Amino acid sequence: MTFFDLLQYSPLTFVTVCTVLGLVVGSFLNVVIHRLPKMMEREWAEQCAALTRKEDDAGPAPAPPYNLVIPRSACPGCGHLINAWENIPVISWLALRGRCAHCKAPISARYPLVEAITGVLSGFAAWHFGFGMAAGAALLMVWALVALTFIDFDTQLLPDDITLPLLWLGLLFNAGNTFTDLKSAVIGAVAGYLALWSVYWLFKLIMKKEGMGYGDFKLLAAIGAWFGWIVLPLVILLSSLVGAVVGIFLMILAKRGRNVPMPFGPYLAGGALVALFWGPPIMTAYLGL
């Protein structure tokens, strides 16, 4: 029996492999969450400099490369390069007791948290869908949503480098009716974008200020492309309810002002996960009522 056959006919092996893979991907997502916004800022700065540069101005010297691979991960305190044994998901953080191996500076607990969340969700997706195309698609969706959630929490940005490929992947998978039919996916993508676009402009006309970013439109469009237009009301309702509860909680207990911006992407991501795992039975029950 080949390893491929083992994954196909042994659910326990498939779930275990996907969980471990999720932990490894979660470690990489920590890099994405930290570096992608910085890469975007560098790109914006370079574009602004190019637009304002005079023809006879040679401009500044090229900056050293900075991407998801270069430079190697290092301790921000002492610059110690992270070795392979220090980068084992969750285990290394526990073994090092949450501190740098060289200078003993504290390492944020969010790194193993991202890894653990990604691993658990990946294993659950494998168990929920079983071996097949749907499970592979679900893993990609989970990984993208984890990255978007934490980037939005940190920077209130939802990068096009993630949301747009996610949208196209949804349409591509549904060309084979993985989660819904292609017609519903296309309508869902258009309806998802226009729904929040309309709310944005209505809020701006009434309140004279912006209420959300364009990244939210693109994320909901991607969700519509994955699951079809019929789940969009469910996703919007769940996202709005959770966002409202969290916002009230922050205003009352954390004394956060009403004018402090709050990211909406994480709540859309939560609604997308509900649609991914339980969307069809929820919609069936709702339509039955």
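Helices here are DSSP runs of type H or I with at least four residues, numbered from the N terminus. The model you are looking at is a predicted one, so every value below is computed from its atoms.

Ile-70 and Pro-71 are joined by a cis peptide bond, and its omega is about -5 degrees. If you move along to the loop between α3 and α4, you will find Arg-97. The phi of Arg-97 is near 55 degrees, a positive value in a residue other than glycine. Arg-97 is also exposed, because its relative accessible area is 75% and the cut-off for exposed is over 50%. Lys-104 is found in the loop between α3 and α4 too. Its phi is near 65 degrees, again a positive value in a residue other than glycine.

Now we come to the helices and how they pack. Two packed helices are described by the angle between their axes and the distance between the axes. Take helix α4 (residues 110-129) and helix α5 (residues 133-155): they pack at an angle of about 155 degrees, and their axes are 9 Å apart. Since angles over 145 degrees count as roughly antiparallel, α4 is roughly antiparallel to α5. The crossing of these helices, α4 and α5, is right-handed.

Which residues of α4 and α5 make the contact? On the α4 side they are Arg-110, Val-114, Ile-117, Thr-118, Leu-121, Ser-122, Ala-125 and Phe-129. On the α5 side, the list includes Ala-134, Ala-138, Leu-139, Trp-143, Phe-150 and Asp-154. Sorted by class, the contact of α4 with α5 has 13 nonpolar, 2 polar and 2 charged residues.

Helix α4 has another partner to follow, helix α10 (residues 265-288). The axes of α4 and α10 come within 11 Å and cross at roughly 25 degrees. Angles under 35 degrees count as roughly parallel, and therefore α4 and α10 are roughly parallel to each other. From α4, the residues Leu-121, Phe-124, Ala-125, His-128 and Phe-129 meet Leu-273, Leu-276, Phe-277 and Trp-278 of α10. This contact of α4 with α10 divides into 8 nonpolar residues, 1 polar and no charged.

Next, let us turn to charged pairs. Side chains of opposite charge can pair when their charged atoms come close. How many salt bridges does a search of the whole structure find? The search finds 2.

The side chains of Arg-110 and Asp-154 meet in a salt bridge, at 2.7 Å from N to O. This pair links distant parts of the chain, with Arg-110 in helix α4 and Asp-154 in helix α5, 44 residues apart. Arg-110 counts as partly exposed at 28% relative accessibility, and Asp-154 counts as partly exposed at 43%.

In the other salt bridge, the side chains of Asp-160 and Lys-218 meet at 2.8 Å, N to O. Here too the pair links distant parts of the chain: Asp-160 is in helix α6 (residues 160-174) and Lys-218 is in helix α8 (residues 214-227), 58 residues apart.

Our last stop is helix α7 (residues 182-207), where Ser-184 has its place. Ser-184 is buried, with a relative accessible area of 8%. Leaving aside residues up to four places away in sequence, Ser-184 touches Gly-224, Gly-228 and Trp-229. Ala-195 lies in helix α7 as well, and it counts as partly exposed at 28% relative accessibility. Again leaving aside residues up to four places away in sequence, Ala-195 touches Leu-220 and Ile-236. The C-alpha atoms of Ala-195 and Ala-221 are separated by 8.9 Å, and these two residues are 26 residues apart along the chain.

Key. Residues numbered from 1 in each chain as written. Predicted model: local features only at pLDDT ≥ 70, side-chain atom pairs only at ≥ 80, totals over all residues. Heavy atoms only, no water. Helix = DSSP H or I, 4+ residues; strand = E, 2+ residues; numbered from the N terminus. Buried < 20%, exposed > 50% of the residue type's maximum accessible area, 1.4 Å probe, protein only. Contact = heavy atoms within 4.5 Å. Axes fitted to C-alpha atoms, helices over the stretch in contact; angles between N-to-C directions. Parallel < 35°, antiparallel > 145°, perpendicular 65-115°, else oblique. Left-handed = near helix turned anticlockwise from the far one by under 90°. Nonpolar A, V, L, I, M, F, W, Y, C, P; charged D, E, K, R; others polar. Salt bridge = Lys/Arg side-chain N within 4 Å of Asp/Glu carboxyl O.
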